[in-house]
Amino acid sequence: MIRVLLADDEDLIRVAVAALLDLEPDIEVVAHAADGPTAVTAALSHRPDVAVVDLEMPGLDGIAVAAELARARPECAVVVLTGHGRPGHLRQALTAGARGFLPKGSPGWALADVIRRVHGGGRYVDPSLAADALTLPPCPLTPRELETLRLAEVGAPVAVIARRVHLSTGTVRNHLSAAVQKLGASDRAEAVRTARDNGWL
């Protein structure tokens, strides 16, 4: 039997996926989690062979869970499910150690097949997302622009960012303005979204 952990903050989806997987003769759902930290704790205590985690969860998202399990339980293969996957998410998930990346809109039988594949040592990436990821443009931002944009993402004021990166407030403003301009964004929030969607943050 392939022992599976399901992690999704939407109860209805988690229960429905568990019911589908329980119909498979070689798959057993051994634990559920409604957020990222609980998923990591459940993986450590229940020792599943495969963890199926939602991309967007409270506490830790699916990518952070994949990274934590790659460190703490590398023998547990992680499959990331997403309702609206973007090529940047795919790149981040694979870099974090996920072995599968699947949209929630996939056919019902697909998840069981992916679970079997990653349990056997293989990988699975949704073909359309893989094609999009291959055509992503390179990041146009400098390392400093990325660093200041990453700090701006969490809402840090310019003065705080300047102290953290040891630059003047004027230089930080210039880096943020350059990032907004290079990404064709209307403001910092849109620049952060664009960089995040493309996997640059």
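Biologist: Which residue in β5 is the bridge partner of valine 79?

Modeller: The partner of valine 79 in β5 is glycine 100. This is a predicted model, in which local features need pLDDT of at least 70 and side-chain atom pairs pLDDT 80 or more, while totals for chains, interfaces and linings use all residues. Residues are numbered from 1 along each chain as its sequence is written, and side-chain values use heavy atoms, without hydrogens or water.

Biologist: How many bridges join β4 to β5?

Modeller: Strands of a sheet pair through backbone hydrogen bonds, either parallel or antiparallel. Here four bridges join β4 (residues 77-82) to β5 (residues 100-103), and the two run parallel. Strands are DSSP runs of E, at least two residues, and pairing needs at least two bridges. The six strands form an open, parallel sheet in the order β2-β1-β3-β4-β5-β6. Its edges are β2 (27-33) and β6 (124-125), each pairing on one side only.

Biologist: Is aspartate 54 buried or exposed?

Modeller: Aspartate 54, in strand β3, has a relative accessible area of 5% and is therefore buried (under 20%, with a 1.4 Å probe and protein chains only). Beyond neighbours within four places in sequence, its contacts (heavy atoms within 4.5 Å) include Asp8, Asp9 and Lys104. An unreviewed UniProt entry annotates Asp54 as "modified residue: 4-aspartylphosphate"; such annotations may be inferred rather than shown by experiment.

Biologist: Where does glutamine 92 lie?

Modeller: Glutamine 92 lies in helix α4 (residues 87-96); helices are DSSP runs of H or I, at least four residues. Glutamine 92 counts as buried because its relative accessibility is 15%. Leaving aside neighbours within four places in sequence, glutamine 92 contacts Ile63, Arg196, Gly199 and Leu201.

How values were computed. Buried means under 20% relative accessible area, exposed over 50%, partly exposed in between (1.4 Å probe, protein chains only).
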